[in-house]
Every structure is written in structure tokens, then in C-alpha cells.
Amino acid sequence: MNRRAFPLVLTALVVSLALVSSTALAQTPKRGGTLRVSYGNEVANLDFHTAPGYEMMWVAMNVGCGLVNITPDGKFVGDAADSWQVSSDNLTYTFKLRPNVLFHDGTKVDAAAVKFSIDRLMDPATKSGMRSFYDSVHSVEVLDPQTVQVRMKQPYAFFLHMLAAYRTGLVLYSPTATQKFSVDDRKQGKPGAVVGCGPFRLIEWVKGGHLVMERFDKYFVPGLPYLDRVVIRTIKDPVTEMAAFKAGEIDFIASFSPEHVDTLKAQSPTAVVMTGKETTPMLAAMKVTVPKDGKPMSKDRMPHPIFGDLKVRQAVGCYGIDRQEIVKIAFKGKATPWVGMNPPGTLDTVDVNNMCPYDPAKAKAMLAEVGYGPSKPLTFELMADTEKSVFNVIATVIKEQMARIGVTANIRLVDKVSWMNTTLQDGPWDMYVEDLLSLITLDSNGYLSNSTSTWSHPRHNDKRVDELYARYAREMDPLKRKAIAKEIQVFFVENMYWNNVSGSPFYMVAQPWIKGYTYNAEFEVHYDTVWLDK
């Protein structure tokens with residue numbers, strides 16, 4: 001798992017970020033204390049291999065460890081792995097493990113444990129959203145207790161990136177604890193069921209209330225972590241969250257809604273506000289197919305009654321949405337209108353904004369071509385969740401823009417967990433507004449947008465998408481890979497399988513006494529090097 005920033009996407013941070021790291025470098029870290037963190041939404045569940053949502057990921061990154069990390073300058077470094085070798089044909093990865101890595105239950109992190117965890121992720125019965133990233137893996141072999149070998153079916157250009165930083169990265173599970181407890185035990189955070197090898201061990205999770213992690217004294221990195229405890233509270237209302245921060249009840253806000261940043265700065269002038277390049281896509285996503293037999297997740301599909309028609313997707317999503325206006329109102333101009341699925345701050349991004357100019361007259365004409373108009377008005381449901389208030393702001397702007405082209409968009413506001421359950425489990429929805437996975441690579445978005453993924457959002461069944469993703473991931477030449485990336489992004493816009501509105505600025509907020517934190521947007525949130533100067 002990645003415990004540091006990815007260089008190609010997070011090179012330009014605000015000045016205040018330097019206050020977190022540079023000051024800390026000049027001081028000797030202090031041990032002890034409790035870091036009080038606020039989340040804007042609940043953790044969905046605590047089975048790290050299957051649970052959705054950043055909230056879970058940020059817990060997994062601190063409770064778990066993996067094989068490799070990635071540094072701010074883009075170099076891969078070992079986590080549980082001490083060293084590794086890649087064969088000249090890129091078909092074999094051999095990892096030598098550190099001898100002193102323990103799971104929180106006292107069992108060793110050995111080659112058999114690594115094989116157990118990867119095999120579990122690859123097993124269709126696990127139903128992991130990460131499974132598609134292991135499609136290139138042929139097998140995992142134990143060469144000796146400290147040596148594990150991953151054998152590939154074909155080259156995978158981003159295999160180490162995936163192990164380090166796709167979602168949680170590879171989180172190693174204790175085979176002993178995993179076999180002793182049920183999946184439901186892990187999902188519920190039952191004591192002893194959630195066992196990793198990271199700097200903190202899980203102590204307690206009260207759903208809807210708080211989550212507690214404590215220092216693991218036998219963590220394999222000498223001297224870390226500095227903190228005694230991390231306590232995470234769920235505070236859904238940003239106004240309440242700002243008040244708690246101002247009162248000194250909260251040390252760290254893990255994700256803060258952008259439209260409230262200026263207010264927070266005015267209320268708490270000493271707050272350290274962190275941000276970086278736009279690596280997160282903000283979507284007005286449209287569902288392309290629905291289950292023909294009415295059973296969620298069914299492979300027997302038929303076109304969505306509204307957005308199964310490409311012309312309707314193009315009219316509404318391409319020409320009917322004014323991205324400039326959305327950015328001006330929702331983000332106060334502090335975001336980039338962006339049509340392509342790869343946000344402007346990410347690797348292999350391409351500006352395809354010219355493919356979707358705002359043109360309400362053309363949108364109306366296209367809708368008329370398929371039979372919509374005054375005598376047959378188009379109405380659809382626009383879902384937004386409460387994770388960030390900016391989602392509802394964007395939904396409101398889109399609703400007004402739809403009215404200009406004779407379309408009615410009825411907003412349905414739900415909590416984040418309900419949104420995840422609806423989208424990831426193939427529930428009924430027409431369009432939603434949300435920002436999704438921060439992209440380290442375009443490849444990392446495949447599990448949300450190809451035709452075979454369990455967690456596909458548009459639920460299209462276009463095999464051409466899968467072919468493009470496969471070509472991109474297998475191409476080892478960076479220049480040729482970039483050309484394929486452009487092909488992918490153009491294809492997604494042409495078919496409106498992934499309807500981007502803009503980049504989505506990401507903000508974290510820390511009290512001035514928080515030291516040693518390394519900002520890495522949503523990608524990674526790690527507390528192992530954090531200490532309190534108080």
C-alpha cells in the first residue's frame with residue numbers, strides 16, 4: 001500500500017501543506033497522544049477486500065500492510081517485502097519478505113499469508129471489487145517461507161502500482177483470523193476478526209459513532225507509529241464539523257467539502273488546509289443497462305428505459321450540461337471543467353472538452369429526434385448523496401440546466417452508504433452526481449467502468465471497452481500506452497459511458513499542532529508518521 005504521494009498527480013500543493021511537513025522535519029517527533037479525526041460519512045463495513053468507500057480504505061491503510069509502497073518521487077519501496085525482482089519478460093515477480101513482520105494476532109507475515117490474501121482477492125466467491133485488477137495473474141507460488149512469486153498470464157504495466165496504491169492496494173490478511181471468523185464478523189468489525197499488519201490495530205467500531213485504532217507495538221518499522229491512538233468520528237454536517245474543529249474537538253478532517261473552505265479559513269485562521277491537483281473525476285453518471293429479468297447484477301441486460309439510448313445520453317450529458325457554469329457556481333471557479341474520464345491532474349490525461357460544447361439547442365433537437373418534446377416530456381431521477389454538500393449544489397444546477405432543454409430532473413438525496421449500495425449492487429437509478437476514485441492511472445478506473453466488473457457503474461455491456469483497457473494495461477511502451485489512453489477517453493465520450501463534469505478538488509484540514517502528515521489526496525491517508533506538537 002502506498003504510504004506516500006504519487007508524484008505525477010500531486011506535484012503542486014498549496015503553500016499551507018508545507019506547514020505540515022517542513023516544520024515537522026526541523027523538530028523531534030513526540031510520542032503519544034490521540035489523533036481525533038472526523039469523517040463526513042460512515043464506514044460501510046470493515047472487510048477490507050470487499051467493502052466500498054474511501055472511509056473504509058483510510059482505515060485499511062492504517063490497520064493493514066502490503067508488499068510495496070510508492071514514494072513521492074515515484075520509486076517503489078518495500079512494505080512487507082524487503083526486495084523484489086521482475087523477470088525480463090515481465091511475467092514473473094519474485095518478492096523477498098522482511099523477517100520481522102507480524103500480524104496483529106502475533107502470526108508471521110510469510111509467503112503463505114501473501115498467497116492466501118491474493119488468492120482470496122482473485123476468488124470470484126469473495127466478490128472483491130479489486131478482482132479485475134488480478135486478471136493478469138496466473139498464479140501465486142510459495143518458493144520458501146520468505147519468498148513468494150507471482151506469475152503472470154501476460155505483462156501488466158501497472159502491477160506494482162496496483163499492489164501499492166489502487167484503492168487500498170494489496171492488504172494482507174492473517175490467514176488464522178480470516179479462517180477463524182466469518183465475513184460478517186469482519187464486516188461488523190468484531191474484535192479479533194479484522195487483523196492486519198499495519199502500524200495500528202483495530203480496537204473498536206461503533207457503526208454511526210466512532211472507530212478506534214491503537215498503536216501496534218510490534219510494527220516492523222522501528223519507532224513507528226508515534227501516536228497512541230486514532231479515534232475517528234462521523235460528522236456528516238460540514239457546519240457541525242467546522243464548529244467542532246474551531247472548538248478544538250477535532251484534529252484532522254479527512255475530507256472537506258470545497259464550497260466551505262473559505263468559511264473554515266475565516267473561522268479558524270490557523271487551520272492547515274491541504275489540496276493538490278485534480279485527480280478525482282466529478283460525474284453526472286448515467287446508467288446504460290438494467291437487468292432484463294429484474295434481478296440486480298444479472299448478466300441478462302436490456303437498455304435502460306431512458307439512458308439506454310445513446311442519443312439521449314449525448315443530448316443530456318454531452319450538450320445539455322454547462323460545465324463552465326457548474327464549476328463557477330459549485331466550486332467558485334476552483335475546478336476545471338472536464339469532459340474526459342481522466343481528470344486534468346492525472347497520468348495520460350487528454351483534453352477532449354471540444355467533444356461536448358454546451359449547446360442546448362442541439363440537445364433539444366436530439367431529444368426531439370427520439371420523440372421527446374412538449375407532448376412527451378423527458379423526466380428522470382437525479383440522485384446525489386450527502387457525503388459532500390457540493391454534490392447537491394451540482395445536482396441543483398443540472399436540474400436548472402435540464403429545464404432549459406425541456407427536461408425534468410427530480411433530485412433524490414440519499415446518504416453515502418445508500419448511494420454505494422444502489423450503484424454497486426445494480427439498484428435502480430437514472431443519473432447520479434458524485435466524485436469517484438482518484439486516478440493514479442487510467443487503468444485504475446477499469447473496475448468501475450469495464451463491462452465485466454462487479455462494481456461497474458454504467459453497467460454497459462460493450463466489450464470494446466474491455467479490449468481497450470486490456471491493450472492499455474499490457475502495453476509496456478509509455479508512448480504507445482499514452483496513445484491508447486487517448487483512444488479510451490475519446491471512446492468513452494463518444495458513447496457517453498462515463499460522463500465527466502469536471503475535476504473535483506479535494507481538501508483536508510489539520511490543526512496547527514498536527515505534524516508529520518504527508519498529503520496524498522484520497523489515494524492514501526496514513527497516520528504512522530503523524531505526531532502531536534502539544
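Q: How many bridges join S13 to strand S18?
A: In this predicted model, S13 and S18 (residues 431–435) run antiparallel. One of the pairs places Ala-285 opposite Tyr-432 in S18. The number of bridges joining S13 to S18 is five.

Q: Which residue in S19 is the bridge partner of Pro-281?
A: S13 is also joined to strand S19 (residues 500–503), by three bridges, and the two run antiparallel. Within S19, the partner of Pro-281 is Gly-503.

Q: Is strand S13 largely enclosed or exposed?
A: Pro-281, Leu-283 and Ala-285 point one way from S13, while Met-282, Ala-284 and Met-286 point the other way, and all are buried. Buried means under 20% relative accessible area. Six of the six residues of S13 (residues 281–286) are buried, so the rest of the structure leaves S13 largely enclosed.

Q: Does Gly-198 count as buried or exposed?
A: Gly-198 sits in the loop between helix H6 (183–187) and strand S8 (200–206). Its relative accessibility is 0%, and the cut-off for burial is under 20%. Gly-198 therefore counts as buried.

Q: Which element gives the largest share of the lining of the largest pocket?
A: The largest pocket is lined by 28 residues, and Thr-50, Lys-127, Ser-128, Thr-454 and Trp-455 lie nearest its centre. The elements giving two or more residues to this lining are H6 and helix H13 (416–424). The largest share, four residues, comes from H13.

Notes: Residues numbered from 1 in each chain as written. Predicted model: local features only at pLDDT ≥ 70, side-chain atom pairs only at ≥ 80, totals over all residues. Heavy atoms only, no water. Buried < 20%, exposed > 50% of the residue type's maximum accessible area, 1.4 Å probe, protein only. Pairing = 2+ DSSP bridges. 1 Å grid on protein atoms, 1.4 Å probe; cavity = no way out; pocket = protein on both sides within 12 Å on 5 of 7 lines; lining within 4 Å.
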